[in-house]
Amino acid sequence: MDVRKTYKLFAAGEFVRSESGRTYQPDGPHNVPRGSRKDLRDMVKAARGAFPGWSRRTAMNRGQVLYRAAEMLDGRRAEFRDLLGGGRPAGGQVDAAVETWVWYAGWTDKLHQFAGTVNPVAGPYFNFTLPEPTGVVGVVAPEEPALLGLVRRLAPALCGGNTVVALASERAPLAALTLGEVLATSDLPPGVVNVLSGKRQELLPWLAAHMDVNAIDAAGCTAAQLAQVQEAAAGNLKRVVQSGPGAEALSPHAALDLMEFKTVWHPIGV
Amino acid sequence: MAIAKRPSTEMRERRFEYAAAPEATDHLKIADSYSLFIGGRFVEPHSRRRFATVNPATGQTLSEVAEADDADVDRAVTAAADAFRSWSRLSGAKRARHIFRLSRLMQERARELAVLETMDGGKPIKESRDVDVPLAAAHFFYYAGWADKLEWAFPNRRPRPLGVAGQVIPWNFPLLMLAWKIAPALAAGNTVVLKPAETTPLSALAFADICQQADLPPGVVNILTGAGSTGASLVGHPDVRKVAFTGSTEVGKEIQRATAGSGKHLTLELGGKAANIVFEDAPLDQAIEGIVNGIYFNQGHVCCAGSRLLVQESILEPLLAKLKSRLGTLRVGDPLDKNTDVGAINSRAQLEKIEGLVNSGIEEGAEIYQPACDLPERGYWFRPTIFTNVAQSYRIAREEIFGPVLSVLTFRTPDEAVEKANNTPYGLSAGVWTDKGSRILWLAERMRAGVVWANTFNRFDPTSPFGGYKESGFGREGGLHGLAAYVELD
């Protein structure tokens, strides 16, 4: 007889049930936590707490950690393939997810060289512009593909040094919750990634309105939800990234879209 | 009112005794003899000749390595050319996986590589452990990340690999120089034949073993041990499309002549005679550490070493007093001891070169200072040395000594500092020490040198381009610029 797994939220580095005690069954016989507004707020707090440490790590160190996530995911290919329905499409999705971690692991220490500039201002000043992470990012994962959809948005957010609260696919949350187990063993500090499952319409308004969230990646929002999110985001001028049809493409801009640009002036002279 | 604390004479002259803290070597397996690494296998050299590689700290032979001749070079270049056909067509993502794997294996075998590097080259274990090996692995990691992003690195320029790269590296940072050469070459889709230096071949051979362990396709990396003639043969081989050399300016000039008209791509990283400039407002204790790091790091076997100290006249005396006192606390000796600051000179030939130049300094009228320190009886050693009363015309102020020898000169104004710093045919690096940010940038603008360190010295990073102006060579290694040296662009 199998020992079955209890699916839990991934919050502040730990696996917890929803504080609300609620579950739902979107995906077979499993009870999945139906996260609450309080769960969401706890996760934002954890993500904010983790931001200074994660964003100040060296770019190289962040690359090593993201690469570790690829290693850990690679070791659990079979499990994810089964979770995603088995067969070639599922296998392809897992391969692409591994590839995504590897690809962004390589960008952590290259974003500055790609998007930073030295600006030849007309005066005796050294002037340069560099990208910096924006802060706590809410990632609204697409409903499908359940694993790759999330990884394609999560990896670039982390690559630039942000911390994340991710809303898992509502219909197929098991892969996202299991990804939490991969990240928990990838040397990511607790709180850098938090994964919340539940009813999107219940959680999204609170995420969009939360005053300590700096940006929302709205990849998984419907047109109506996007409008809602954009309006609520105005409360603290959140950046809302609307990923179009190219949301799944690998691009450094996926990371840069969640970054600020800072310009520094310094005089030159004896 | 601040009360200056004056150390007693007793304190100043006290010698600190340290218990020996030697790194273990029993985990290391060094074979009695090594062959050439060609086409993914270790093969007997056609030449049938082998030569000894020696631990410069003991004079003992560690192993014998093969001496590749023209036929061996031809075999290796052919293997690399064969491998190029499939390696260059492999997707960037797959090449990246291979290179990431090399990086991970180097991290996993870091201890072994560090001990080997120290035994074969004489550098202190704390340097090979904390600098050489981690940086080498980081280089592979960084360039692995470019392998699948070439279109982002060079947008709209259709980056293509060049072909077989012939790479010749020096003995001062054997594994790190290997990484600087091989990592960007592989990332861009080239294959390589690399010749490590005659006196330090063992870490490159350990790297060959790592290539096997990583299942790197045969022929992508080939390692040929040998001396100068092997290097010349490799550089001259008609199927080599790219030559990368790190070493002396003299040999660099020969290579530029030898490759003239061949259409080969060429990058050269050559000698240096860096000025390390200290202004009167510099944080003095920090500057002392930077000066020491600048010239005594790796026994001064560093092409970018801060070998000319330019001190603003007003602080010469206090600076020299502090510097001399700091020299008294440097621990010179067994490179495998974890407390050692200055290890063994790499070879007898190098020791003789240093001695010759130091004698010229004395003869030309400079004043020499060396701290009292015991040197081991066997092996090659040289005391950390300071020369004062040095004129710009002296050989010790013009020629690269490549040893732990510092020449001290002075200046009065910033303009004079610039004039003197640039008064050299070299242009690899420069250092500046001052509390004023604007002065750092002012000076950096005026240095004819490829790297300028401000309030620090001898910093290296895979993301940071490194290379020289003028007779210190051309081309950059590290960063995006380092990748450009290995691609053909529209």
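Q: What order do the strands of the open sheet in chain A come in?
A: This is a predicted model. In it, 3 strands of chain A form an open sheet in the order S5-S6-S12, with antiparallel pairing.

Q: Which strands stand at the edges?
A: S5 (117–118) and S12 (259–267) of chain A do. Each has a single partner strand, so one side of each is left without a neighbour in the sheet.

Q: And how many bridges join S5(A) to S6(A)?
A: S5(A) and S6(A), the latter covering residues 125–133, pair over 2 bridges in the antiparallel sense. Thr117(A) has Thr129(A) in S6(A) as its bridge partner.

Q: Which helix packs on that sheet?
A: Helix H16 of chain B, residues 437–446, packs there and touches S6 and S12 of chain A.

Q: OK, helices now. At what angle do H6 and H7 of chain A pack?
A: H6(A), residues 148–159, and H7(A), residues 174–184, pack at about 45 degrees, and their axes are 10 Å apart. That angle makes H6(A) oblique to H7(A).

Q: Is the crossing of H6(A) and H7(A) left-handed or right-handed?
A: Right-handed.

Q: Which residues make the contact?
A: From H6(A), Leu150(A), Val151(A) and Leu154(A). From H7(A), Ala176(A), Leu179(A) and Leu183(A).

Q: How many are nonpolar, polar or charged?
A: The contact of H6(A) with H7(A) has 6 nonpolar residues, no polar ones and no charged ones.

Definitions and conventions. Residues numbered from 1 in each chain as written. Chains lettered and ligands numbered in written order. Predicted model: local features only at pLDDT ≥ 70, side-chain atom pairs only at ≥ 80, totals over all residues. Heavy atoms only, no water. Pairing = 2+ DSSP bridges. Helix = DSSP H or I, 4+ residues; strand = E, 2+ residues; numbered from the N terminus. Contact = heavy atoms within 4.5 Å. Axes fitted to C-alpha atoms, helices over the stretch in contact; angles between N-to-C directions. Parallel < 35°, antiparallel > 145°, perpendicular 65-115°, else oblique. Left-handed = near helix turned anticlockwise from the far one by under 90°. Nonpolar A, V, L, I, M, F, W, Y, C, P; charged D, E, K, R; others polar.
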